[in-house]
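Please view the sequence and the structure first.

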Amino acid sequence: MNLVPILALLLAAGIASAQHGYTPSEIEEGGRQYRLNCITCHGPDGNMVSGIDLGHGKFRQASTDDDLVKVINLGVPGKGMPSFEMPNPRALAIVAYLRSLAAEPAGVSQAAKSGDRMRGKAIFENANTGCVNCHRVRGAGGTMGPDLSEIGLSKRAIEIEMEILKPGPGKALENRPVHLVRKDGTAINGLLLNEDTFTVQITDATGKPTSHQRADLSEFAFLDKSLMPSYQGKLNPQELADVIAYLVSLKGAPVQ
Amino acid sequence: MKLFRLILVAALAALCATTSLFAQVTSDRLLKSGLEPQNWLTYSGDYAGHRHSALDQITPQNVRDLELKWVFQARSFEKYEATPIVVDGVLYTVQPPNDVIALDAATGRIFWTFNYTPSKEARVCCGRVNRGVAVADNLVIMGTIDAHLIALDAKSGKSVWNTTVGRAESGYALTHAPLVVKDKVIVGVAGGEYGIRGYIAAYDIHTGKEAWKFYTIPGPGEPGNDTWAGDSWKHGGGSVWVTGAYDPALNLTYWGIGNPGPDWNGDKRKGDNLYSDSVVALDPDTGKLKWHYQFSPHDEFDYDSVQVPVLADIEYQGQPRKVMLWANRNGMYYTLDRATGKFLVGKPFTQVNWASGFDESGRPMRVAGKVPSREGTLIYPSNQGATNWYSPSFSPKTGLFYIPAWDNTFSIYVKSEEEYVEGQRYSSGTHVSSFGPARGIQNNTRKPEDGHGAVIAIDPKTGEKKWQFNLTDVTDAGILTTDSDLLFSGSREEYFYALNARTGDLLWKTALGGAIMNGPITYSVNGKQMVAVNAGNSLYVFGLR
């Protein structure tokens, strides 16, 4: 068992505030809800509204977890924050996610701030750099890596930077690389989408989602290493900044 | 004159007959529920908590021929945890949080609905849930999340009486199915995460008037109060949120008690904190405590002993013995003598690192340093426990005890300081767990090393595992067994499945598209055996083709 991500999540769960116990799944759900409800105004890093930095515990109207839930539910009249009536567990999950942001090690990526997204797009799509060979954006590109068309909605700049420089399968719960062998001898490497006691669902090298009965498999194993190579030293700081700027801009709509 | 007397006697006799007809579910019927396996009269199917049925029309040979007979879709997105009750062709369920619905058990057509809107002051830690109703006399009785106990006319669904059991604003709530013993309705209060002082109370079935109250946290001058430092007993938790059991021969009712409060920092409540995390044996007529056994003294891991007490008569060390079987959230399996509370067997059924075993009295021997800390302490099993409220089953046919288990899950516990504020959470810490109370995303992407779910069969004589059926994800589903050696259960993976109760081999499964969060039941209507289970927000009923 790798305790490092768990301890990171523990820190993320807000030891300082510590009013509620938060689980990784709550934080995960909170991230999803944040992206659905909050990211448009507050941005992926939570710092797009002046005077507020949700990712670093800087709030105008709240300090405790319960305060935050109230702000989410009631809004802040006259200040542009609408009310988001939702069940308390969902609001608390968002709070869990916000607390988790504060525990991220390196804060906001500095590289991203000086990047040029159009230059980054060109680097990303350059076959020599290799990003596009594995990742798709709006229907174009390879399929062995996650589709990045909406990566700007789900990852913050710092997270993207870490994934480019130090890719690892441990951090993201979804899309872990797996290796399976069918009883007819066919070996398949792919990314895990879902699994249960009787079946597994993966995307294979062609990008096609496939479902397999466990009874038909002679082997099913998680690969220790990410299939993603590290770009440490392969991109200069400006290129890195440009690629990050491009990826952060990907929110499911065309780049203007 | 004689003729007049005769007419009078005949009229009185007719009246009595009518009255007894209306008294649908007599105390005698509840005592002898095993004689009418076509019905499912109590939360666990009988007073002994077996969740086992003598019905045997569905067998290991024909279980593959099960097909869906009808579905009831609840108009609610809350977790659907209610065990249905079936009486003479009528099925009663609770649409969460607190709508009681009577349906035709053969077709699923609705007879009546009792809508209830709980007070906005209701606060429940872990979902606006209800686990089912009780039936007795001509009443259907439900506890509500705003701590009311409501009796309905079983024929019309109209309210007969409504009693306030606790103060909702302070966190008191009722979530479990009541237990009716003789002329009393027995319930316990939830609210262990809000600093309540828990109790079990009995109410007159005819009037709803309180008959007795047993505090699960003893007050000053009562035995056990000295197991709480200072005034900590006032907010010591000790909630009750799963239905108890009853032994008519011993005239004892048994209840599992929840965690002490605050959950994760016991510094202010030094001592064993009785009767938190215990089973208590009470006289159902008076509420007097006969005995108790504490599974987790001075708990700081939220290990509620809120499991169904399962009463069995087995041969133990060559002698017949009245025992109680208990798989605890703390990871240990127990066999206790249910007449005296004497500890007989204790054995871990999953990875446990907070205790190394038991002393002769049955007290767990703690492992040094395995307590919540400021920096975090890794504990097996996880905060959700190695099992939880999900009903186990005992089959008198196989002699085995079946546990819905979370195997090898863990939590990292961190403690903090907190002052009690009425109506607010009072837990003094946090935890990060390999599995949480619900899956955040719909896909299962957990790692094997985070643990997994299982159905585990245990020999109650020794605590030894007989077999284990592993699941990839954890499970919130209870277990049903039948005389034909079938075992039905579900999973968070949304399958409903049947195993061979003797071997654990998979016999049948179907994907229902929603997590199963209740215990399955079986009943018979028009001579056809049915199996009912909740999945997602619906109740599914299966029968043979």
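## Chain B overall

Among contacts in chain B between residues at least 6 apart in sequence, those joining residues at least 24 apart make up 60%; two residues are in contact if their C-beta atoms, placed from the backbone, lie within 7 Å. This is a predicted model, in which local features need pLDDT of at least 70 and side-chain atom pairs count only at pLDDT 80 or more, while totals for chains, interfaces and linings use all residues. Residues are numbered from 1 along each chain as its sequence is written, chains are lettered from A, and ligands are numbered from 1, in the order in which they are written.

Chain B has two helices and 38 strands, where helices (H or I, at least four residues) and strands (E, at least two) are DSSP runs, numbered from the N terminus. Its radius of gyration is 23 Å, close to the 24 Å given by the globule rule for 545 residues, so chain B is as compact as a globular protein of that length. The radius is taken over C-alpha atoms, and the rule is 2.2 Å times the number of residues to the power 0.38. The C-alpha trace of chain B spans about 85 × 55 × 50 Å along its principal axes.

Of the 545 residues in chain B, 58% are buried (20 or more other C-beta atoms within 10 Å of the residue's own, with C-beta atoms placed from the backbone).

## Chain A overall

Chain A contains eleven helices and seven strands. Buried residues account for 35% of its 256 residues. Of the contacts in chain A with a separation of 6 or more, 61% are between residues 24 or more positions apart.

## A helix pair in chain A

Two packed helices are described by the angle between their axes and the distance between the axes. In chain A, the axes of helix α7 (residues 117–125) and helix α11 (residues 237–249) come within 7 Å and cross at roughly 100 degrees. Axes are lines fitted to C-alpha atoms, for helices over the stretch in contact, and angles run from 0 to 180 degrees between N-to-C directions. α7(A) and α11(A) are therefore roughly perpendicular to each other (65 to 115 degrees).

On the α7(A) side the contact includes A:R117, A:K121 and A:F124, and on the α11(A) side it includes A:E239, A:D242 and A:Y246.

## B:H176

B:H176 lies in the loop between β10 (159–164) and β11 (179–181) of chain B. B:H176 is buried, with 28 other C-beta atoms within 10 Å. Leaving out residues up to four places away in sequence, B:H176 touches B:R131, B:G143, B:W241, B:V242 and B:T243.

Note on methods: Buried ≥ 20, exposed ≤ 12 C-beta atoms within 10 Å, placed from the backbone. Parallel < 35°, antiparallel > 145°, perpendicular 65-115°, else oblique.
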